[in-house]
Amino acid sequence: MFCLRHLADGWKISNCERDDQAAFALTAERLSRLTWREIRNAPRHGVGTEKIPRDALKVPVPDSITEDVQFLELRFSGLKPMVGFRSKEVFHVVWLDPRFELYDH
């Protein structure tokens, strides 16, 4: 359910502290057991999701991501967001944002 191929430099798992790295792994495992319907219906500050407009991002979008892609946010460590996009059943993580710097929260 998760793809890490599009992780942007400076926003990768290796840029996170150890506790957040562990939380990401546990969250990915937990979310992989849910359907997208369950994720969409869950509270956004729980295991749910919300849309993030492209113009809300404070960083450039990687060139490999086309203009038609719509970004979603999922929480990976408490309220700390991971932002990426869904393609069929796969969530492509682009940014891990443990310091809440990617967009205005």
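Let's start with a pair of strands. Strand β4, residues 80–87, and strand β5, residues 90–96, pair in the antiparallel sense over six bridges. Strands here are DSSP runs of E with at least two residues, helices are runs of H or I with at least four, and both are numbered from the N terminus. Two strands pair if DSSP finds at least two bridges between them.

A word on the source. This is a predicted model, where local features need pLDDT of at least 70, side-chain atom pairs count only at pLDDT 80 or more, and totals for chains, interfaces and linings use all residues. Residues are numbered from 1 along each chain as its sequence is written, and side-chain values use heavy atoms, with hydrogens and water left out.

Back to the hairpin. Two residues sit between β4 and β5. In that turn, K88 has a positive phi of about 55°. Across the pair, V83 has W95 as its bridge partner in β5. R86 stands opposite F91.

Now the other side of β5. There, β1 runs parallel to β5, joined by two bridges. F2 stands opposite F91 in β5.

Zoom out to the sheet. It is open, has five strands, and its order is β1-β5-β4-β3-β2, with mixed pairing. The edge strands are β1 (2–3) and β2 (49–52), each pairing on one side only. Helix α1, residues 18–31, packs on this sheet and touches β1, β3 (71–77), β4 and β5. Contact means heavy atoms within 4.5 Å. The direction of α1 makes about 115° with that of β3; axes are lines fitted to C-alpha atoms, for helices over the stretch in contact, and angles run from 0 to 180 degrees between N-to-C directions.

Is S77 buried or exposed? It is buried, because its relative accessible area is 14%, and buried means under 20%, exposed over 50%, partly exposed in between, with a 1.4 Å probe and protein chains only. Beyond residues up to four places away in sequence, S77 touches D20 and A23. The side chains of S77 and D20 are joined by a polar contact of 2.7 Å. That term means a pair of N or O atoms within 3.5 Å; within protein, one must be able to donate a hydrogen and the other to accept it, and residues adjacent in sequence count only if both atoms are side-chain atoms.

Next, the interior. Six of the seven residues of β5 are buried. The largest nonpolar core has 14 residues, and F71, V94, W95 and L102 have the most contacts inside it. Such a core is a set of buried Ala, Val, Leu, Ile, Met, Phe, Trp, Tyr and Cys residues joined through side-chain atoms within 4.5 Å. β4 and β5 each supply at least two residues of this core. Another core, of 13 residues, lies apart from it, with C16, L31, I39 and V93 among them.

Last stop: W36, in helix α2, residues 36–41. W36 counts as buried, because its relative accessibility is 4%. Leaving aside neighbours within four places in sequence, its contacts include M1, L72 and F91. Its side chain reaches the backbone oxygen of E89 at 3.3 Å.
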